[in-house]
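Look over the sequence and the structure first, then read the points below.

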Amino acid sequence: MAEFTLTPAATLGGAEQVEEHCRAWEVNPVAIASMAARRGAISALRESFSAAFGGALPDIGLRQEYSGMAIASAGYEQWFATSESELTLAENLRDACSGNAVITDQSGGWSEIRLQGEGARETLARLCPIDLHPEVFIVGSAQRTVMEHLGVQLALVDDRPTFSLLTPSSSAPSFWTALTHAMASTRPA
């Protein structure tokens with residue numbers, strides 16, 4: 001029987017768009033996992049997560065980074081985790097959380113896009129109903145939102161500013177089009 005090796009494919013083919021004031025690119029490869037606390041197990045989950053990763057699970061509206069993994073709140077007792085270096089992320093989370101959470105590999109179902117530069121906030125303001133002012137949406141902020149009628153998990157990664165945008169892979173091409181059109185129509189201050 002023939003042997004096959006599967007390699008992850010970028011949803012957008014590794015797309016990148018550069019404008020004078022910002023840059024957008026598809027993160028690839030990236031592992032994405034969703035995590036939800038099992039009923040009645042939130043305290044145990046917090047303990048097992050802290051023991052495994054040396055830090056607390058982020059509260060609602062926040063994102064944290066731990067040893068090659070970022071984890072952002074996605075709602076009440078729910079999180080999205082991403083890693084560019086650890087492609088067995090879901091497996092590692094399952095082992096670390098000792099059965100206290102339901103963890104699902106979302107790597108094929110979600111895509112990550114990064115948006116960076118002085119025009120990033122203005123670009124996102126054209127698409128997003130969230131207040132992204134630097135005094136309100138600070139580094140480590142994370143929110144679920146809608147942009148161009150598409151679901152997005154938005155987080156501010158650093159003060160360059162760099163935003164992480166997670167969107168379902170099935171609608172990623174439409175989201176990419178909306179994002180790049182907003183970039184092209186935004187002019188630097």
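Buried means under 20% relative accessible area, exposed means over 50%, and partly exposed lies in between (1.4 Å probe, protein chains only). The model is predicted: local features need pLDDT of at least 70, side-chain atom pairs count only at pLDDT 80 or more, and totals for chains, interfaces and linings use all residues. Residues are numbered from 1 along each chain as its sequence is written, and side-chain values use heavy atoms, with hydrogens and water left out.

**Aromatic pairs**

- Rings of Phe, Tyr and Trp (its six-membered ring) pair if their centres lie within 6.5 Å; planes under 30 degrees apart count as stacked, over 60 as edge-to-face and the rest as tilted.
- The structure holds 4 aromatic pairs.

**Phe-49 and Tyr-66**

- This pair is edge-to-face because the planes of Phe-49 and Tyr-66 stand at 80 degrees, with the ring centres 5.5 Å apart.
- The pair joins distant parts of the chain, 17 residues apart: Phe-49 is in helix α1 (residues 42-53) and Tyr-66 in strand β4 (residues 63-66).
- Helices (H or I, at least four residues) and strands (E, at least two) are DSSP runs, numbered from the N terminus.
- Phe-49 has 0% relative accessibility, so it counts as buried.
- Tyr-66 has 8% relative accessibility, so it also counts as buried.
- Ring pairs link Phe-49, Phe-53 and Tyr-66 into a cluster.

**Phe-137 and Phe-163**

- Phe-137 and Phe-163 form a stacked pair, 6.2 Å centre to centre with 25 degrees between the planes.
- Phe-137 lies in the loop between α3 (120-125) and β9 (142-147), and Phe-163 lies in strand β11 (residues 162-168), 26 residues apart.
- Both Phe-137 and Phe-163 are buried.
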